[in-house]
Amino acid sequence: QLNDTWPVSSCSSIESGGKRKPLHYMARRFYAPVAVMARPEIVKGVSDMTKGKILAVNDTAESVSGEILIEYWTYEGKVAAAETKSVVLAPDSSTKVGEFDNSTGNGQRQATFLVLTLKTKHGVYQNDWHFGSYKDKALARANIRQTVRRSETQGPLVEVSTDRPAFFVWVESIGAVAPTDDNAFVLLPGRPRVLRLAPGVDADTLQVRHLAECFR
């Protein structure tokens, strides 16, 4: 289902008034022809969220080569561990490019989440994985900043940055169905995102929210 025909909670990605829901942006990522993801182990029919395989998918008809960056981030915004390796993905394939295991180790390692970044000449693909439910994690109260830029080729841009990891970052403007070219993303300290504003959207009207603001 693409859109709602009237106001309702549903599985669509577009509201009845035309506004994009988070699913609309996330589907672009999980249906991308090249992607990276974590797959947990299945033990007696139950997913073990703490360990599993890291897979890179290439749904194109050509070989894709690049570099995979595997990082363990703390919820306060520090990189606890990191590994980089070169990968070659065959056409129309799913390739194991690494493993993850958070079931053992010191306390710092236990309070981390996984960030996977696949860099190729065609683009950069990112995904994250949490060792359990969001509700059980000590999500930080991130402070997100907005900085407006001007580009002669791309038009008005807004840069968003944060002091702590922020999840499902949502940028909106009243009356705009899709104020920016991307949304519902993970924002990490030291790695700002630059978003292109839709025509007619005033950067001063933008509001930015994230998951940790949804509860006390």
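Trainee: How many cavities of 30 Å³ or more does the structure hold?

Mentor: The structure holds 1 cavity of that size, 30 Å³ or more. The model is predicted, with local features needing pLDDT of at least 70 and side-chain atom pairs pLDDT 80 or more, while totals for chains, interfaces and linings use all residues. Residues are numbered from 1 along each chain as its sequence is written, and side-chain values use heavy atoms, without hydrogens and water.

A cavity is a set of points, on a 1 Å grid over the protein atoms alone, where a 1.4 Å probe fits but cannot get out; a pocket is an open set with protein on both sides within 12 Å along at least five of seven lines, and lining residues have an atom within 4 Å of a point. Points are joined across faces, edges and corners, and a volume is the space filled by probe spheres set on them.

The largest cavity has a volume of about 40 Å³. Its lining includes Lys19, Arg20, Tyr25 and Trp170. Strand E10 gives the largest share of that lining, 3 residues. Helices (H or I, at least four residues) and strands (E, at least two) are DSSP runs, numbered from the N terminus. The cavity lining divides into 7 nonpolar, 1 polar and 3 charged residues. Here Ala, Val, Leu, Ile, Met, Phe, Trp, Tyr, Cys and Pro count as nonpolar, Asp, Glu, Lys and Arg as charged, and the others, Gly among them, as polar.

The largest pocket has a volume of about 1,000 Å³. Of its 35 lining residues, the closest to its centre are Arg29, Tyr125, Gln126, Asn127 and Asp128. Elements that give two or more residues to this lining include helix H1 (22-30), strand E7 (123-130) and strand E10 (166-172). E7 gives the most, with 7 residues. The pocket lining has 22 nonpolar, 6 polar and 7 charged residues.

E7 also belongs to an open sheet of 4 strands, in the order E4-E3-E6-E7, with antiparallel pairing. Strand E4 (79-89) and E7 are at the edges with a single partner strand each, so one side of each has no neighbour in the sheet. Two strands pair if DSSP finds at least two bridges between them. Strand E3 (residues 64-74) and E4 pair in the antiparallel sense over 10 bridges; among them, glycine 66 has valine 87 of E4 as its bridge partner.
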